[in-house]
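Visitor: I have a structure to look at and would like to ask about its parts. Please show it to me.

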Amino acid sequence: MNTLQQKINEYRPLGDVICQEITQAIQKLGLEELGESGFPVFEQADFRLVVDPYSRCEDLAGYWYGVHKRLIGQIQFHGDGSFYAEYDVLKPHPTKKHYFIDVINAWGKEGFIKTEPKLLEMPE
């Protein structure tokens, strides 16, 4: 069984790339900053080892917190080499005036990373 620090070290290079991809996806939407929370940084996540209920594998999960310890993002590395992450944006869409950007989702594995914004309609 790997220790927490071994898992963090193992996933650090991929985690750095994922954070860069999420940052670039946010910037491509026309947002240059996110306020107090800032963009995701791998080392700033609070990491834990968790057991995946389906695979029973020990996964590395990281959580980003903002002001007042409010959860603003998470990333999970699965035993099969895949990952899933999401990071709060919570800003009006710069060009689609009736929408705001809730989160950026990222998923994939090393060498294949996809990102996608989750847009929600502005409340009336």
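Visitor: Where does Arg56 lie, and is it buried or exposed?
Guide: Arg56 lies in the loop between S1 and S2, where strands (E, at least two residues) and helices (H or I, at least four) are DSSP runs numbered from the N terminus. Buried means under 20% relative accessible area, exposed over 50%, and partly exposed in between, with a 1.4 Å probe and protein chains only. Arg56 has 62% relative accessibility, so Arg56 counts as exposed.

Visitor: What kind of model is this, and how are residues numbered?
Guide: This is a predicted model, in which local features need pLDDT of at least 70, side-chain atom pairs count only at pLDDT 80 or more, and totals for chains, interfaces and linings use all residues. Side-chain values use heavy atoms, leaving out hydrogens and water, and residues are numbered along each chain as its sequence is written, from 1.

Visitor: What is the phi of His68, a residue other than glycine?
Guide: His68 lies in the loop between S2 and S3. With a relative accessible area of 77%, His68 is exposed. Its phi is positive, near 60 degrees.

Visitor: In what order do the strands of the open sheet stand?
Guide: Two strands pair if DSSP finds at least two bridges between them. S1 and S2, for instance, pair in the antiparallel sense over six bridges. Strand S1 (46–51) and strand S6 (112–121) each have a single partner strand, so they stand at the edges. The six strands, with antiparallel pairing, have the order S1-S2-S3-S4-S5-S6.

Visitor: At what angle does H1 run to S6?
Guide: H1 lies across S1, S2, S3, S4, S5 and S6. Axes are lines fitted to C-alpha atoms, for helices over the stretch in contact (heavy atoms within 4.5 Å). Angles run from 0 to 180 degrees between N-to-C directions, and for H1 and S6 the angle is about 55 degrees.

Visitor: Why is the pair of Tyr11 and Phe77 stacked rather than tilted?
Guide: Rings of Phe, Tyr and Trp (its six-membered ring) pair if their centres lie within 6.5 Å; planes under 30 degrees apart count as stacked, over 60 as edge-to-face and the rest as tilted. Tyr11 and Phe77 have centres 4.4 Å apart and planes at 15 degrees, so the pair is stacked. Tyr11 is in helix H1 and Phe77 in strand S3, 66 residues apart.

Visitor: How are the rings of Phe77 and Phe83 placed?
Guide: Both residues, Phe77 and Phe83, are buried. Their ring centres lie 6.5 Å apart and their planes stand at 45 degrees, so the pair is tilted.

Visitor: How many disulfides are there in the whole structure?
Guide: A disulfide is a pair of cysteine sulfur atoms within 2.5 Å. Cys19 is buried at 5% relative accessibility, and Cys57 is partly exposed at 31%. The search of the whole structure finds zero.
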